Amino acid sequence: MITPSIFNEGLEGNAAAAPERKRSDEAREKQEQGQQQVQQEKGQSRSVRVGGSQMPMVGFGTYLIADEDCEQPVTWALEVGYRHIDTAEFYDNHSAIGRALKASGLPRESVFITDKISPNGKFGVPPKSYDGVLQSIRHQLKKLDTPYVDLILLHHPFPPSADRVKQYTALVDAQKAGLVKEIGVSNYSRRHIEELLAAGLPAPAANQIELHPLNTYNKYQPGLLEYLAEISCVPIAYSSLAPASSWRADQPGKSSKTEAHCGHLAVQKRIAEKYAVEEPALLLRWAFCLLPIRPAAPPCVPPAPPFSPEEDFSRWCTRNR
Ligand SMILES: NC(=O)c1ccc[n+]([C@@H]2O[C@H](COP(=O)([O-])OP(=O)(O)OC[C@H]3O[C@@H](n4cnc5c(N)ncnc54)[C@H](OP(=O)(O)O)[C@@H]3O)[C@@H](O)[C@H]2O)c1
């Protein structure tokens with residue numbers, strides 16, 4: 001991934017300085033290639049355009065990591081090459097993430113931070129309207145010790161519709177004030193997004209949703225991904241690894257997997273065996289190939305046959321819809 005500041009440096013100059021620019025272009029290309037190689041070696045992911053920003057496609061999620069435990073995992077994540085950290089108001093671990101970012105010495109613009117606002121009284125966070133959303137954003141920025149986050153989301157659409165519109169209006173104003181680069185939603189259905197558009201608000205740049213072969217979004221939210229593509233709203237998958245057959249296998253009742261799911265897991269295992277990959281790798285591959293990527297972003301190149309687990313998976317999901 002190339003950080004915007006490095007890219008812009010190479011484009012500066014004027015026509016009279018063309019030979020120099022050519023040399024600096026070559027130098028820049030070399031520098032970028034070197035950086036890409038380092039990033040690849042460190043396992044850093046490709047990026048995708050979200051609104052006007054580039055977002056690293058693989059993020060490090062911090063759900064259930066308490067503030068007192070979170071600094072070390074985020075430090076390790078940054079060390080191994082993650083450049084996208086995902087948090088939320090009710091995860092309540094912003095201070096630790098802020099400390100890890102400072103200690104890493106990385107320039108602020110090289111790390112993409114996604115944050116979320118809890119919109120109602122769930123998870124012990126008080127319900128909020130327009131002012132409450134702005135207050136939370138400011139409070140969370142202070143704890144992160146950063147002037148802005150790259151992407152802010154409304155965590156879910158559970159409040160009444162009048163509040164949803166006010167809450168999203170607060171995100172629009174936070175963006176105008178420079179507190180957030182991009183704005184979006186999470187767990188929103190088409191109906192919820194249409195409500196925002198009907199109120200004359202801009203389309204969210206992203207919708208973070210649970211997305212993996214077992215939740216067969218097509219059954220519960222037919223056409224959601226296609227609709228998101230239509231309005232240039234990027235889907236961000238969470239819980240991609242939940243279908244791993246080991247997940248909560250020893251804790252009956254703790255996972256929402258049904259008997260039917262467990263039957264499908266055998267198919268998943270067979271596919272993983274067929275391609276000699278671990279189940280989590282297969283699941284991530286599925287998510288990469290499923291998520292629509294806008295033309296401005298690098299295309300998702302399907303692997304050469306016979307490695308085509310995404311085909312197997314889509315056949316599998318279609319069959320089980
Ligand atoms: N917007 C939202 O509403 C929302 C909701 C949920 C999550 N998120 C975000 O998405 C991030 C990831 O979500 P998540 O933790 O639900 O999903 P995930 O990363 O897909 O993990 C789901 C489960 O898969 C298992 N797992 C993880 N890595 C594995 C591996 N290498 N091999 C086998 N099993 C593995 C783990 O189970 P065990 O721990 O039991 O081993 C884990 O709890 C969160 O941290 C959060 O940032 C957002």
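Author: Start with a definition: helices (H or I, at least four residues) and strands (E, at least two) are DSSP runs, numbered from the N terminus. Just after helix α4, G105 takes a positive phi of about 75°. This is a predicted model: local features need pLDDT of at least 70, side-chain atom pairs count only at pLDDT 80 or more, and totals for chains, interfaces and linings use all residues. Residues are numbered from 1 along each chain as its sequence is written.

Reader: How many helices and strands does the protein have?

Author: The protein has 12 helices and nine strands.

Reader: How do I read strand pairing, and in what order do the strands of the open sheet come?

Author: Two strands pair if DSSP finds at least two bridges between them. Here seven strands form an open sheet, in the order β3-β4-β5-β6-β7-β8-β9. The pairing is parallel. The edge strands are β3 (60-61) and β9, and each pairs on one side only.

Reader: How many bridges join β8 to β9?

Author: Five bridges join β8 (residues 206-210) to β9. I209 has A237 of β9 as its bridge partner. On to β7 (residues 180-186): two bridges join β7 to β8, and V185 stands opposite N207 in β8. Further along, four bridges join β5 (residues 112-117) to β6. There, I117 has L154 of β6 as its bridge partner.

Reader: Which way do side chains point in a strand?

Author: In a regular strand they alternate between the two faces of the sheet.

Reader: Is strand β6 enclosed or open?

Author: First, the cut-offs. A residue is buried if 20 or more other C-beta atoms lie within 10 Å of its own, exposed if 12 or fewer, and partly exposed in between; C-beta atoms are placed from the backbone. In β6 (residues 149-154), six of the six residues are buried, so β6 is largely enclosed by the rest of the structure. Strand β8 is mostly covered, with four of its five residues buried. Across the protein, buried residues make up 32% of the 321 residues.

Reader: Which residues of helix α4 are buried, and what covers them?

Author: In α4 (residues 94-104), the buried residues are H94, A96, I97, G98, A100 and L101. Their cover includes α3 (67-79), β4 (84-86) and α5 (130-144).

Reader: Which residues touch the most other members of the largest nonpolar core?

Author: A nonpolar core is a set of buried Ala, Val, Leu, Ile, Met, Phe, Trp, Tyr and Cys residues joined through C-beta atoms within 7 Å. The largest has 47 residues, and V74, I97, I137, I152 and L171 touch the most other members. A second, separate core of six residues includes I209, L283, W286 and A287.

Reader: Where is S245, and what is it in contact with?

Author: Two residues are in contact if their C-beta atoms, placed from the backbone, lie within 7 Å. S245 is found in the loop between β9 (234-238) and α10 (259-274). Leaving aside neighbours within four places in sequence, S245 is in contact with L265, Q268, K269 and E279. S245 counts as partly exposed because it has 15 C-beta neighbours inside 10 Å.

Reader: Which residues are closest to the ligand?

Author: A residue is near a molecule if its C-beta atom, placed from the backbone, lies within 6 Å of it. Here 18 residues surround the ligand, and the closest are G61, Y63, Y238, S239 and L241.
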